[in-house]
Amino acid sequence: MAQARVKPRREPVFGERFAVFAECLLTGVWIAVACLGVVTYPAALAAGARHLRRRTAHEGGGTREFVADFRAALRGGWVVGLAGWAVAGAVWVDVLAARAGIPGGPFVGAVGLFALIGLVVALLRAAAGWAPGVSWRALLADAGRRTLLDPAGSFLVVCGLAVVALSGVFVTPLAVPVLGAAVAAAVAVEERYRRR
């Protein structure tokens, strides 16, 4: 007697993609909550990116894994977060100098803003590649190189950040879940770069 073969049921493409989008929004909320520690944002981004990589690879994962990744990433990530705030403060001083009318101020202010955007992109790309046990220093160095060597990918990450900013301008609470979409953009850009 022959057994009938049963095909595994596949989820429709639209349903699968919508599930990934919903997971991005939920991850954005988790990231926002984890960022409440002010210097914890690199660890929150890294844990969110790792969660999204697991979900898109169909490896499961949930709140417990996110929290474990967040704790692991926080070990060196808080220093990166502190340094990020110092850089943001330096750029703010540049902008104030530009507005004060100092000769060359507008140029210095523009360079400072572009450098800050580049550093944010490098941080997102580093967080997208984070794994437990990997040094933040090595991650940031590699991400900085990829940010410069892959301008198209970096532009896509900037577009993801623009979506978060515009969401926050138009509907402030929407910026929280959309943060997960920006992290997903960084994860996708890193995967694209890896496959090149």
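Keep in mind as you go that this is a predicted model.

**Exercise 1.** Find the helix that holds Asp 142, and work out how exposed Asp 142 is.

*Solution.* Start with the helix: Asp 142 sits in helix 5, which covers residues 136-149. Next, take the relative accessibility, which is 33% for Asp 142. Buried would need under 20% and exposed over 50%, so Asp 142 counts as partly exposed. Now look for a side-chain partner: Asp 142 and Arg 145 are joined by a polar contact of 2.4 Å between their side chains.

**Exercise 2.** Is Arg 54 buried or exposed, and which residues is it in contact with beyond its neighbours within four places in sequence?

*Solution.* First locate Arg 54, in helix 2 (residues 41-56). Its relative accessibility is 11%, and the cut-off for buried is under 20%, so Arg 54 counts as buried. Leaving out neighbours within four places in sequence, the contacts of Arg 54 are Glu 59, Gly 60, Gly 61, Glu 65, Phe 66 and Asp 69.

**Exercise 3.** Describe how helix 6 and helix 7 pack.

*Solution.* Two packed helices are described by the angle and the distance between their axes. For helix 6 (residues 151-170) and helix 7 (residues 175-195), the angle is about 175° and the axes are 9 Å apart. Angles over 145 degrees count as roughly antiparallel, so helix 6 is roughly antiparallel to helix 7. Then see who makes the contact: Leu 156 and Val 163 are among the residues from helix 6, and Leu 179 and Arg 192 are among those from helix 7. By type, the contact residues are 11 nonpolar, four polar and one charged.

Definitions and conventions:
Residues numbered from 1 in each chain as written. Predicted model: local features only at pLDDT ≥ 70, side-chain atom pairs only at ≥ 80, totals over all residues. Heavy atoms only, no water. Helix = DSSP H or I, 4+ residues; strand = E, 2+ residues; numbered from the N terminus. Buried < 20%, exposed > 50% of the residue type's maximum accessible area, 1.4 Å probe, protein only. Polar contact = N/O pair within 3.5 Å; in protein donor to acceptor, adjacent residues only side chain to side chain. Contact = heavy atoms within 4.5 Å. Axes fitted to C-alpha atoms, helices over the stretch in contact; angles between N-to-C directions. Parallel < 35°, antiparallel > 145°, perpendicular 65-115°, else oblique. Nonpolar A, V, L, I, M, F, W, Y, C, P; charged D, E, K, R; others polar.
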